[in-house]
Amino acid sequence: MNAKPTARRPTALITGATAGIGAEFARQLAADGHDLVLVARDRERLERTAAELRLAFGVRVEVLVADLGQAGALATVEARVAVSEPGDDATAPITLLVNNAGFGLRRQFDESDVDDEQRLLDVLVTAPMRLCHAALAQMLPHGSGSIVNIASVAGYTPRGSYGAAKAWLLSFSRWANIAYRSRGVSVTAVAPGLVHTEFHERMRVSGASVPGFLWLDAERLVRLALADVRRGRAVSIPTLRYKLIVALARVLPNRLAAKGDLRPQ
């Protein structure tokens, strides 16, 4: 992914790496020969995922237990992303950052606890922003690297604080790709729709009423996203169906565009 040839394998750091889209990024990148740094909150699940990937693909896998909604934990992940030269402990610079960690809130904004809303903003916007900043600080001097921000088609519609957070990721990534691609670092926002993962189950929201053709498998989504990352694209919208939905959302009146629930994962 825009990395210069070296004696070491490229290293990808993935947040939210133990389930859904993040876990699929880990599998496909490991299969492609990347060493990994996996970030999530659940240590037991992290260690289990890391062991499975080491066994299946023979890659080096580090784990970082971190809740990205907590400033201290986020600072630990920032420090790992900022590593610019191989260390004595075999830590390698990150060549591909995947900002995937996220969650959704079930309640409408006015009914939601404001602290929950703040945590949503911290995980969906503050954490990716700070990790992007740390990644650029060490990637730009090397003239190579890739950053992937998992956004959503909800970022193209009025969808409360969740959609607003994803809209920030889309806008930031489009600008950053313009600003830094010529210096060797690509920034790609991936904007999925509905994906078969644990996302809606964790929100305790049923997707049973959603037509089957709107659901994507994480394997296909990640495969398409990585192809767009290799091309250096600023935005990756998986499948023609979601490209059409995004095009429609851009021309519909806001009150109509806001009716659909297109939160990803």
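Predicted model: local features only at pLDDT ≥ 70, side-chain atom pairs only at ≥ 80, totals over all residues.
**Entry 1: a term, and one lysine**

I take buried to mean under 20% relative accessible area. I find K166 in helix α5. I then listed what K166 touches, leaving aside neighbours within four places in sequence: L124, I150, A151, S152 and G155.

I turned to α5 as a whole. Helix α5 runs over residues 160–180. I count 21 residues in α5, and its first and last C-alpha atoms lie 30 Å apart, close to the 30 Å expected at 1.5 Å a residue. Which residues of α5 are buried? I wrote down Y162, G163, A165, K166, L169, L170, F172, S173, A176, N177 and Y180.

**Entry 2: α4 against α5**

Two packed helices are described by the angle between their axes and the distance between the axes. I looked up both values for α4, residues 114–142, and α5. The axes come within 9 Å and cross at roughly 10 degrees. Angles under 35 degrees count as roughly parallel, so I record α4 as roughly parallel to α5.

Next I noted who makes the contact. From α4 come E117, L120, L124, V125, P128, M129, C132, L136 and L140. From α5 come S161, Y162, A165, K166, W168, L169, F172 and Y180. I sorted the residues of this contact by kind and got 14 nonpolar, 1 polar and 2 charged.

**Entry 3: L131**

I stayed with α4, where L131 has its place. Is L131 buried or exposed? L131 is buried, because its relative accessible area is 0%. Not counting residues up to four places away in sequence, L131 touches T15, L74, V77, E78, V81, L97 and N99. I checked V77 separately: L131 and V77 are 54 residues apart in sequence, and their C-alpha atoms are 7.7 Å apart in space.

**Entry 4: R223**

I moved on to helix α7, residues 218–230, which contains R223. The relative accessible area of R223 is 41%, so I put it down as partly exposed. I also looked up R223 with F25. The two are 198 residues apart in sequence, yet 8.5 Å apart in space from C-alpha to C-alpha.

**Entry 5: the chain as a whole**

Last, I noted the totals. The protein chain has 9 helices and 9 strands. It has 265 residues, and buried residues make up 51% of them. Among contacts with a separation of 6 or more, 70% join residues 24 or more positions apart. The protein chain exposes about 12,400 Å², and carbon and sulfur atoms supply 52% of that area.

Technical notes. Residues numbered from 1 in each chain as written. Heavy atoms only, no water. Axes fitted to C-alpha atoms, helices over the stretch in contact; angles between N-to-C directions. Helix = DSSP H or I, 4+ residues; strand = E, 2+ residues; numbered from the N terminus. Parallel < 35°, antiparallel > 145°, perpendicular 65-115°, else oblique. Contact = heavy atoms within 4.5 Å. Nonpolar A, V, L, I, M, F, W, Y, C, P; charged D, E, K, R; others polar. Expected span 1.5 Å × (residues − 1). Buried < 20%, exposed > 50% of the residue type's maximum accessible area, 1.4 Å probe, protein only. Areas by Shrake-Rupley, 256 points an atom, 1.4 Å probe, with all protein chains shown as cover.
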